[in-house]
Amino acid sequence: MTDVFISYSRQDTAFARRLFDALKNQNRTPWIDWEGIPYSVDWWKEICRGIDGAETFILIISPASMTSMICSQEIEYARRSNKRIVPVVYQQPDEKALAGEWFGQSWEPVARDNWTAIKQVNWLFFRDEDDFDAAFANLIKTIEEHPEHVRAHTRLLVRAREWENGGHNRSFLLHGDDLRKAEQWLGMALDRPPAPVSLHVEYITASRRAERARQRSLLTGVSVALVVALILTILSLFLFQNANTERQRADDNAATSEANYEIAVTAEAVAREQTDRARSEALVAYSQTIAENDPELALKLALEANHFDHPSANARRQLGRLAFSLPVRRQMSGPGGIIEDVAFSADDRLVAAVSMGGGVRVWETNTGNQIAEFLTGGQGTSVTFSPDGRYLAVGRSAPGGAMYVVMEGAYEPGDFVVVVYDLTTLQEVDRLSGHTGSVNTVDYSPDGRFLLSGSGHRTLDSSYQDITDPERDSDEDEIILWDMTTGDLRRRFEGHTAFVTRVKFLPDGEHFLSAGADGQLLEWDIESGESRSLAQFQYIGDMALSGNSEQILLAARGGMVLLDRSGRTIQQFEFYGDAATLSADASRAFGSLVLGSNTIAVFDTSSGEQISQYTEHVGVVPGLAVSHDGRWLVSGSTDSLVIVRSLMAGEPQVVLGRHEGGIWEIAFTPDGRYLLSGASDNHVMMWDVEQHTLLHQFEGHTDWIDQIAISADGQWAASAGRDDRVAVWDIDPASAAFGEALYWLETGPASSGVVFLEDRTQIATLDTEGNIGIWDVTTGERTAAWSVDARTHDLAYRAHRLAVLSLLKIDLFALDPADPAGYSSLGEFPLRIGALGGTNGRLNMSMDGRQLAVAQGSFTAMSDAERAAVRLIDLETGDIRSFVGVTDTVWDVTLNADNSLIAAAYGNGTVVVWDTRSGIELQRLEGLSTQVKAVSFSPQSSLLALATDDIGPRPQETNQIILWTLYTPQELMDYVEQNFTLRDYTCAERLTYGVGDPCE
């Protein structure tokens, strides 16, 4: 094995030599092809061995290396082997220039995928203007991270390659202590880069199978010995029953045999448990390895990993991750330029995208492999598959013209065509001419005999709104029916007074619907050519039909609208989009803004509520389509990306309600029936958790709410605000004073903390300058006051212990239950916490007052590890444990009632739940596109409430309180089996993963 493999372009040899020599001087063993490949060997195999045997893959980035086919192949091999890749920038390449060099090359998809992966990794800069020595020191530091893990990854990969290349010869397998250490490494490696590859798992699993077979042979031998021993014992008793000495010897033999039998039974049970855990862990590793490329199979394997009597500790976590996320299944580079339209084939096997640049690409949905690419010769506007999936029809605008701006005399009539391609021969087979305006939409009849195309130029005003020019030629705004058996124009349909945005055949093939910029939704009779109006709006940008065509979704001016076939409004959605699509069962509506946003909003059509949104694109999203089976959503954007997302099942979440500002605090009442929330809109709200309704809004604060506390009997609540006051509220719905403020306590500058003491008539408060107060709620008087010498952020209280969080420490005090003014210091815990210039830390204390959970917040001087850390302090022993979920700011932390679970909220919209005893991550809640500022467990730990704070342009829509259902392992498996329809394993998968019954 070597320390590093250096991938470089021959044009960068001088720099590569300098880096090589510097590594040599540090007693490193770099591998580079001018030294690593002897004569008369297979060159590429030797390259692969060099990459396999290196602990780190150093990529020298320059325009030359990024446009080198060999470097691309090396990078791809390193990525497939999950090598730790360290990009070293020698010369900064221009991404657009790279794309131009890649275009048309056979290895273009590989280069693009490599570039996407490399951009996700931290780069080290060795440019001429950079300090080489300082950069090299950072390189050495990076190489030395997790040395034991990386060495094990490399060592096991090399041995696994030997086993693979040796025809799976058993002599190459691991056994004994080597196998045990490999399994331990595999169990710990799932969340630590570089991750294991499938070959690691196959190799270790095969080794365990062989070891199991050896153990079975051993146990068989033991069993035979036991039978012989028992026979001898019986014979001894029979022959020497009258001899006391011999009887005693026989008794001794029997006892020994019984002991040996018990040992064998115990060994077999231990072996069975170890086998279960190892097999389960192997399936988890398989699932993790393939999750990005095949999330459905990954979910099925994760479910399989949980069905053992003794599943791996990681099995539940992996199942929860996959079940409660909406993963991006594929991200594919589009055909250059803005993606105008996307479409699935009827069997959902293929997906196509067309760009404004005139390019069309077709991919396999399952693999993401590109199977075709065409250039229409003009701007692509729309795309559709024939019902049998053989043909692809593409609507086209003028070559070189601007899609949205019409210039007089800029186009010729022949510019506006429908181009038809045969996907079996990959050739253009027809070009349908007849439109005088841009072909905006195309659709095949159900039997494939006819094709509809709708046209008309689009014009924008200075505010980027679509308008209709009253003086332009209305003949542009027409629909043409084409006979696809002959290619002839069968009929023109004229009725729209502005450009046609979408046409859709109805199932009978004798009628179709059309929508236009004039706001008309028309139903046409093909035979007569007559139309009738179903609805009239100011403008319709897009139209989609449900699977049975009984529901119609329109992207209209002012919002999306769901209609029935008669044109009656079923539901309206407060989301203006120019692109819209509908699930086959009409349960979900999807909309995206063409201008000004990269947001795709998802709505529940029964309630009209937005249930989620996706923001993976960096550009606006003109193209949307849902697969016919309802499992996938494909989107195309101005960022030239086509993204396929899984819609197999959504998160088990309910949006309880919204604030007009960011939500900073939430707390359940002791009975779990109600939830209180405080936000930057200055409001405290009380929600009915069971009915999902707002019960009351408490008024009076003049600045945002930082904290809320609830008394143990659930009668009173206290809210601390940045208006320097704490309010004490009556929150008992049965009380005559419900909703009233009992007292307003003037606590000090920017009240940052409030807690009830055991006696519900007392509360403790904290302000940001370190002033602590004890207050009698019944009188509104302060009974004790003291301070700490630091800027403070939070406090927590249980069992007469009061913890105060400040910049560099946590102060701990003991309160005297017999004396309202009595307190004493219990010491402090040094711990750097987020402060000015960053976000504040948060505290949460366990019910018994022994455990203190700390969210460290964010501070400019913090490392990523500190910023992402959740700490759990044992206040009895002083021990501190760390939990790390994602590398992002931790906004809040909470413990459940029995201190068995800890949850943390992160700035990237992720919430992680751990088992406090084992430290194992149990559930990860993802998919939110905004920061999660607060989390709270329900008293029974069956729900986790989340509060979000959106910093985007429409915060009132996304500052939500969300209830998540937390599942036990069995409930989690039941949820997956009830909500997901998973395909059967293929024969190859059964063989590869050792699952299911083997194929005959």
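I began with a charged pair: Asp794 forms a salt bridge with Arg842, with 3.3 Å between the closest N and O atoms, where a salt bridge is a side-chain nitrogen of Lys or Arg within 4 Å of a carboxyl oxygen of Asp or Glu. Asp794 lies in strand β49 (residues 792–798) and Arg842 in strand β53 (residues 842–845), so the pair ties together parts that are 48 residues apart in sequence. I take helices (H or I, at least four residues) and strands (E, at least two) as DSSP runs, numbered from the N terminus.

I note that this is a predicted model, in which local features need pLDDT of at least 70 and side-chain atom pairs count only at pLDDT 80 or more, while totals for chains, interfaces and linings use all residues. Residues are numbered from 1 along each chain as its sequence is written, and side-chain values use heavy atoms, with hydrogens and water left out.

**Cover of the first pair**

Are Asp794 and Arg842 buried or exposed? I use buried for under 20% relative accessible area, exposed for over 50%, and partly exposed for what lies in between (1.4 Å probe, protein chains only). Asp794 is buried with a relative accessible area of 0%, and Arg842 counts as buried at 10%.

**Other salt bridges**

I then looked up the total, and by this rule the count comes to 32 salt bridges. Side chains of opposite charge can pair when their charged atoms come close.

One of these joins the side chains of Arg390 and Asp422, at 2.9 Å from N to O. Arg390 lies in the loop between β11 (380–385) and β12 (391–396), whereas Asp422 belongs to strand β13 (residues 417–422), so the pair ties together parts that are 32 residues apart in sequence. Arg390 is partly exposed, with a relative accessible area of 36%, while Asp422 counts as buried at 3%.

Another salt bridge brings together the side chains of Glu373 and Arg361, at 3.1 Å from N to O. This pair links distant parts of the chain, with Glu373 in strand β10 (residues 370–375) and Arg361 in strand β9 (residues 359–364), 12 residues apart. Glu373 counts as partly exposed at 31% relative accessibility, whereas Arg361 counts as buried at 4%.

**Cysteines**

How many disulfides are there? With a disulfide taken as a pair of cysteine sulfur atoms within 2.5 Å, the count comes to zero. I also looked up the cover of two cysteines: Cys48 counts as buried at 10% relative accessibility, and Cys71 is buried with a relative accessible area of 1%.

Strand β21 (residues 500–505) is mostly covered, five of its six residues being buried. It pairs with strand β22 (residues 511–516) in the antiparallel sense over five bridges, and within this pairing Val503 stands opposite Ser514 in β22. The hairpin of β21 and β22 has five residues between the strands, and Gly509 takes a positive phi near 70° there.

From β22 I moved on to β23, which runs antiparallel to β22 and is joined to it by five bridges. Phe512 stands opposite Trp524 in β23. These two strands form a hairpin with three residues between them, and Gly519 in the turn has a positive phi of about 85°. Strand β23 (residues 520–525) is itself mostly covered, with five of its six residues buried.

Which strand does β23 meet next in my notes? Five bridges join β23 to strand β24 (residues 531–536), and the two run antiparallel, with Leu521 opposite Ala535 in β24. In their hairpin, which has five residues between the strands, Gly529 takes a positive phi near 80°.

**The whole chain**

Finally I collected totals for the chain, which contains 18 helices and 63 strands. Of its 1000 residues, 56% count as buried. Counting contact as heavy atoms within 4.5 Å, I find that residues 24 or more positions apart account for 52% of the contacts with a separation of 6 or more. The chain exposes about 42,100 Å², of which carbon and sulfur atoms supply 48%; these accessible areas come from the Shrake-Rupley method with a 1.4 Å probe, and for residues only the protein chains shown count as cover.

Notes
Pairing = 2+ DSSP bridges.
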